[in-house]
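Let's take a walk through this fold together, one piece at a time. Have the structure open beside you and follow along.

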Amino acid sequence: MLMDRARGGADDKNKRFVLVVGGGQSGLAAGYYLKQAGIPYLILEKNARVGDTWRNRYTSLTLFTPRSLSMLPGLTPAGNRDSYPTREEFADYLERYASVHGLSVRTSAMLKRLTLNDVGQFEADLGTGERLHSVSVIVSTGGFQTVSVPQSCSIDPNIQQLTATTYRDPSQIVPGRTLVVGDGASGRDIAAELSANHKVLLATGKPRKLIPEFFLGKNVWWWFSTLGVLSAPAESWLGKRMRTADPFPDRDRSLPSLQARGVEIMPRLVSITGRKAGFEGGQAIDIDSVIWAVGYRDDITWLQVPRTTSARGEFLHDQGISPIPGIYYVGRPWQRNRASALISGAGPDAKEIVQAIARRHKELG
């Protein structure tokens with residue numbers, strides 16, 4: 001339905017057309033404000049359905065923030081505001097959001113290459129062979145694009161290897177000892193879930209700051225929002241403190257809690273040779289499977305416009321505005337503040353970027 005209506009959105013003759021790359025929460029928020037501003041646009045979503053990025057995560061996943069901070073502008077989710085939506089619930093919410101607001105979304109639309117032509121138009125080549133033209137592009141691909149997997153040529157090929165994106169549930173995992181590498185939110189979730197019927201090692205990394213989930217009867221995220229912690233500018237004193245500590249609520253995922261479940265807490269992983277995992281301090285333990293949950297990196301292969309990415313493979317921008325006129329971002333971690341990488345920040349950041357696009361269009365005449 002959305003796809004059929006959206007096919008007419010890309011018009012080479014329309015000099016104010018905006019292409020939005022990514023149909024997750026950030027892309028949909030951008031579409032919402034573009035539509036309000038009367039700016040023609042098209043959202044490209046690589047998956048078959050809006051919300052599939054969430055549907056494809058591990059089955060037991062719940063969102064990082066409660067429903068009160070897991071909504072986009074113009075649509076309140078159902079359910080207890082202080083509890084956490086499941087991945088399926090939020091995926092369906094995104095699909096409903098696109099439908100309720102009549103957003104122009106084209107699904108199963110894989111962007112292969114984006115270039116800038118001689119007349120100042122962006123040319124987007126899709127996997128279908130189709131080429132779209134636009135005067136502006138909003139990159140809303142999110143911060144969870146390509147999972148990072150350390151290269152280890154000496155690992156036994158019979159060791160089962162999964163990532164935080166390919167892991168679904170414990171039934172996938174072979175018998176024996178499982179090593180989960182990375183103790184962020186996903187790594188801790190997976191280790192806790194597997195501990196019910198597997199021997200689990202959790203390789204830790206940098207120190208993690210966990211804070212109580214509730215304080216004086218309110219969810220800690222409510223306090224963060226009310227006290228302005230989430231909206232503190234990235235370069236402010238408070239923003240810098242938050243970036244350094246990167247705290248997240250302790251939802252029964254502290255290291256002592258995981259240990260009580262039977263998870264063996266290990267120091268940083270330094271190598272895997274054959275079937276033996278080596279850790280800082282010299283300890284080595286045989287493993288049968290490994291799940292990599294060490295983070296993500298940006299996929300920049302499709303963005304072939306000069307001066308848009310750094311030598312480290314990162315998107316270049318200042319609060320969502322690229323050094324290349326016409327390229328913008330929504331949903332980048334710490335784009336403006338801590339909320340930028342959260343669902344609650346998608347709307348405010350998208351509104352700012354659409355206003356910047358409207359100003360540019362006015363200047364272009």
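Keep in mind that this is a predicted model. On the H2 side, the contact is made by Gln25, Leu28 and Tyr32, and on the H4 side by Phe90, Leu94, Tyr97 and Ala98.

Let's stay with Leu28 for a moment. If you skip its neighbours within four places in sequence, Leu28 is in contact with Gly23, Ile43, Val50, Leu72, Leu94, Tyr97, Ala98, Leu103 and Val105. Leu28 also turns up, along with Leu72 and Ile138, among the residues with the most contacts inside the largest nonpolar core, which has 51 residues. Who builds this core? At least two residues each come from strand E1 (18–21), helix H2 (25–36), strand E2 (41–44), helix H4 (87–100), helix H5 (185–194), strand E11 (199–203) and helix H9 (343–364). The largest share belongs to H9, with 7 residues. There's a second, separate core too: it has 21 residues, including Leu19, Leu132, Leu303 and Val305.

Now have a look at E1. In a regular strand, side chains alternate between the two faces of the sheet. E1 is covered on both faces: Val18 and Val20 are buried on one side, while Leu19 and Val21 are buried on the other. As for its partners, E1 pairs with strand E7 (residues 136–139) in the parallel sense over 4 bridges, and Leu19 stands opposite Val137 in E7. E1 also runs parallel to E2, with 4 bridges joining them; here Val18 has Tyr41 of E2 as its bridge partner.

Last stop: another sheet. This one is open and has 3 strands in the order E4-E5-E6, with antiparallel pairing. Which strands sit at its edges? They are strand E4 (111–116) and strand E6 (131–134), each pairing on one side only. From one strand to the next, the twist averages 20°. Strand E5 (residues 122–126) is joined to E6 over 4 bridges in the antiparallel sense.

Definitions and conventions:
Residues numbered from 1 in each chain as written. Predicted model: local features only at pLDDT ≥ 70, side-chain atom pairs only at ≥ 80, totals over all residues. Heavy atoms only, no water. Core = buried A, V, L, I, M, F, W, Y, C linked by side-chain atoms within 4.5 Å. Buried < 20%, exposed > 50% of the residue type's maximum accessible area, 1.4 Å probe, protein only. Contact = heavy atoms within 4.5 Å. Pairing = 2+ DSSP bridges. Axes fitted to C-alpha atoms, helices over the stretch in contact; angles between N-to-C directions.
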